[in-house]
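Me: I would like to learn how to read the features of a model like this one, step by step. Could we take the general idea of each feature before its case here?

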Amino acid sequence: MKFYLFLLFIPIAGIIPENSNHDEPHLHCVGNVSLKQIVECVLDHSPEYKSSRMELNVIKGKKIAAGYLFPSNPQISYMQSHRKQTNNTELFSGGLQSSVNGEILLSQEIFIGGQRKGRLDVADSEFAAQVRRVTVMERETIFHALVATLLYSSLLKEVRLAEELSELAKEIFTVAKARSEKGLSAPIDADIAEAESIRMNKLLLIAKRKLDLAKGNLTVMMGIPFYSDLNLIGEPRDPSFQNSDIAILTEDALKVRAEIQARDADIVAQESK
């Protein structure tokens with residue numbers, strides 16, 4: 001029985017690789033990272049963004065195929081027939097007659113009536129629409145990455161502040177308890193200090209839980225393990241605008257809205273078909 005178990009174990013052990021780097025994080029995505037590096041890691045790992053880029057390559061291939069002079073490959077067919085007389089009905093014939101016929105056919109599809117130009121126009125319209133979709137997906141991915149990173153950064157500060165308040169509350173409780181035991185203050189003061197210390201510790205646990213949730217969301221977006229060390233370098237700066245007028249900012253934003261441009265490109269692509 002041991003011999004058979006050993007034989008069954010050999011194939012299984014051979015299938016499992018010794019050094020598997022599948023779960024190893026990207027070196028530039030862990031440790032001390034900047035906001036730009038986090039965004040780049042999220043874009044590199046986003047399946048939605050990768051899918052939109054692959055679809056762009058597919059449409060680019062369709063565009064190349066639409067530009068060919070001949071839409072399909074030539075086809076060659078060959079047919080041969082053999083006819084043979086079965087009986088001799090003529091009096092002066094030399095014998096049974098037979099014949100062999102052969103035919104070779106070459107066919108090639110060609111564009112007529114501006115079909116090639118029409119296919120190129122449709123491919124160009126689809127390519128332009130997909131470029132807008134990729135831009136939309138890229139902006140949405142960057143937006144979610146920035147929101148997740150800023151939330152993680154703010155929760156780190158919240159946890160540090162909660163830790164300081166919790167330590168301070170513990171020290172106050174220790175002092176209040178000592179004063180109460182020596183009769184320098186009322187026992188209720190120590191009870192109030194203890195309740196405040198418990199409340200600060202509760203706030204610290206809540207802050208740590210929110211930090212774990214934010215880190216889990218960010219690490220999933222970046223494609224790195226949850227236990228990886230992640231420290232944000234630099235303080236994010238507030239955006240600055242040359243004009244603070246809401247109406248002008250709204251008008252400028254509508255001009256560069258990629259989703260609106262993508263919708264217009266989709267309309268053009270459908271009309272080209």
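Reply: Let us begin with the disulfide, which is a pair of cysteine sulfur atoms within 2.5 Å. The model is a predicted one, and it holds 1 disulfide, in which cysteine 29 is joined to cysteine 41 with an S to S distance of 1.9 Å.

Me: Where in the chain do cysteine 29 and cysteine 41 lie?

Reply: The pair links distant parts of the chain, 12 residues apart, with cysteine 29 in the loop between helix H1 (2-15) and strand S1 (31-33), and cysteine 41 in helix H2 (residues 35-45). The angle about the S-S bond is -100 degrees, and the link of cysteine 29 and cysteine 41 is left-handed.

Me: Why does cysteine 29 count as buried, and why does cysteine 41 count as buried?

Reply: Buried means under 20% relative accessible area. Cysteine 29 counts as buried because its relative accessibility is 1%, and cysteine 41 counts as buried because its value is 2%. Alanine 65, which has its place in helix H3 (residues 47-66), counts as partly exposed because its relative accessibility is 34%.

Me: How should I read a strand, and what is the count of buried residues in strand S2?

Reply: In a regular strand the side chains alternate between the two faces of the sheet. Strand S2 (residues 75-84) is hardly covered, since the count of buried residues among its 10 residues is 0. S2 pairs with strand S3 (residues 98-107) in the antiparallel sense over 10 bridges, and histidine 82 has valine 100 in S3 as its bridge partner.

Me: Which ring has the charged end of lysine 215 over it?

Reply: A charge sits over a ring if, among other conditions, NZ of Lys or CZ of Arg is within 6 Å of the ring centre. The charged end of lysine 215 sits over the ring of phenylalanine 226, at 5.3 Å from its centre.

Me: How is a pocket found, and which residues line the second largest pocket?

Reply: Rolling a probe the size of a water molecule over the atoms shows where empty space is left. The second largest pocket has a volume of about 160 Å³, and its lining is made up of Val42, His45, Ser46, Pro47, Glu48, Met137, Thr141, His144, Val220 and Met221. The elements that give two or more residues to this lining are H2, H3, helix H4 (115-181) and helix H5 (187-222), and H4 gives the most, with 3 residues.

How values were computed: Residues are numbered from 1 along each chain as its sequence is written. This is a predicted model: local features need pLDDT of at least 70, side-chain atom pairs count only at pLDDT 80 or more; totals for chains, interfaces and linings use all residues. Side-chain values use heavy atoms; hydrogens and water are left out. Helices (H or I, at least four residues) and strands (E, at least two) are DSSP runs, numbered from the N terminus. Buried means under 20% relative accessible area, exposed over 50%, partly exposed in between (1.4 Å probe, protein chains only). Two strands pair if DSSP finds at least two bridges between them. A charge sits over a ring if NZ of Lys or CZ of Arg is within 6 Å of the ring centre and within 35 degrees of the ring normal. On a 1 Å grid over the protein atoms alone, a cavity is a set of points where a 1.4 Å probe fits but cannot get out, and a pocket is an open set with protein on both sides within 12 Å along at least five of seven lines; lining residues have an atom within 4 Å of a point. Grid points are joined across faces, edges and corners, and a volume is the space filled by probe spheres set on the points.
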